[in-house]
Amino acid sequence: MNRSDEIRDLYITGLRNAHAMESQAMSVIDAQLARLESYPEMTQMLQQHRRETEGQIARLDRILEGMGESASTLKDTAMSAMGSMHAMGNALAADEVLKNHMADYMFEHFEIAAYTSLITMAEANGDTASIPLLQQNLAEEQRFQQQLIDSLPGVTQTFLQRTESGQKADV
Ligand code: MG
Ligand code: FE
C-alpha cells in the first residue's frame, strides 16, 4: 500500500468510527429519553439533539458514499450496544438525571475531538467538499455541549427541590 492509500484508509476508518460513535450517541439518547419523566427541559434538549444526531449520521453516510465507501455495520452495532449498556449503568442511581447529564457532557467532548481530527484528515485527503459537513457536525456538538453545561445548575436545583419535597427526582 502506498502512502496516499494509507492516508485514505485512515480517513475512511475515522469516518466509520465517527459513524459508530453517532450510533452510540443515538442509543444513549433513546435510552435516556425512554426513562425521563420529571425533567421536561432535559427531554426537550435530548429530542433536539436526537434530530441533530440523525442529520449527523446522514452527513457521514454522504461523505463515505462520496469516497465510494459505506459505514461499518459491525462497528455501529457494537457501539450502539455499548451505548445502551452505559445508559443502563446509571439507572439505579438516585441522581440518575445528573449522572446522565455529566456523561452526556463528557461524550460531547469526545465527539468534538473526533470531528476536529476528521476535519484535518479531510484536508489531508483533499476532500474539501466534505469539510463544511464535518464542520456542521462539529458546530452542533459544540452547541449541545454548551447547552448541557449551561443547564446543569438548573437541573441540579430541580433535582434538589424534587428530592426535598419527596417527589420523583431520579429521572
Ligand atoms: Mg453527534
Ligand atoms: Fe452529540
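## Salt bridges

At 26% relative accessibility, E69 counts as partly exposed. Its side chain meets that of R16 in a salt bridge, with an N to O distance of 3.1 Å. R16 is likewise partly exposed, its relative accessible area being 23%. Because E69 lies in the loop between α2 and α3 whereas R16 belongs to helix α1, the pair ties together parts that are 53 residues apart in sequence. R8, R16 and E69 are linked in a network of salt bridges. The model under discussion is predicted, and a search of the whole structure finds 9 salt bridges.

A salt bridge also joins the side chains of D30 and R50, at 2.6 Å from N to O. D30 is in helix α1 and R50 in helix α2, so this pair connects parts that are 20 residues apart in sequence. D30 has a relative accessibility of 31% and counts as partly exposed; R50, at 24%, is also classed as partly exposed. In a further salt bridge, K99 pairs with D95, and the closest N and O atoms are 2.8 Å apart. K99 is partly exposed at 36% relative accessibility, and D95 is partly exposed with a relative accessible area of 23%.

## Iron site

The iron ion (ligand 2) is coordinated by NE2 of H49, by two OE contacts from E108, and by OE atoms of E111 and E141, at 2.0 to 2.6 Å. Along the chain, the donors of the iron ion (ligand 2) follow the spacing H-x58-E-x2-E-x29-E. H49 lies in helix α2 (residues 40-66) and E111 in helix α4 (residues 96-124), so the pair ties together parts that are 62 residues apart in sequence.

## Magnesium site and the bridging residue

Which residue bridges the magnesium ion (ligand 1) and the iron ion (ligand 2)? E111 does so, and the two ions lie 3.0 Å apart. Since E111 lies in helix α4 and E141 in helix α5 (residues 131-164), this pair ties together parts that are 30 residues apart in sequence. E141 is buried, with a relative accessible area of 0%.

## Largest pocket

The largest pocket has a volume of about 210 Å³. It is lined by 15 residues, of which V28, H86, A103, D104 and F107 are the closest to its centre. The elements that each give two or more residues to this lining are α1 (3-35), α2, α3 (73-89) and α4.

In composition, the lining of the largest pocket divides into 9 nonpolar, 4 polar and 2 charged residues.

How values were computed:
Residues numbered from 1 in each chain as written. Chains lettered and ligands numbered in written order. Predicted model: local features only at pLDDT ≥ 70, side-chain atom pairs only at ≥ 80, totals over all residues. Heavy atoms only, no water. Donors = N, O, S within 2.8 Å, 3.2 Å for Na, K, Ca; no water. Helix = DSSP H or I, 4+ residues; strand = E, 2+ residues; numbered from the N terminus. 1 Å grid on protein atoms, 1.4 Å probe; cavity = no way out; pocket = protein on both sides within 12 Å on 5 of 7 lines; lining within 4 Å. Points joined across faces, edges and corners; volume = space filled by probe spheres on them. Nonpolar A, V, L, I, M, F, W, Y, C, P; charged D, E, K, R; others polar. Buried < 20%, exposed > 50% of the residue type's maximum accessible area, 1.4 Å probe, protein only. Salt bridge = Lys/Arg side-chain N within 4 Å of Asp/Glu carboxyl O.
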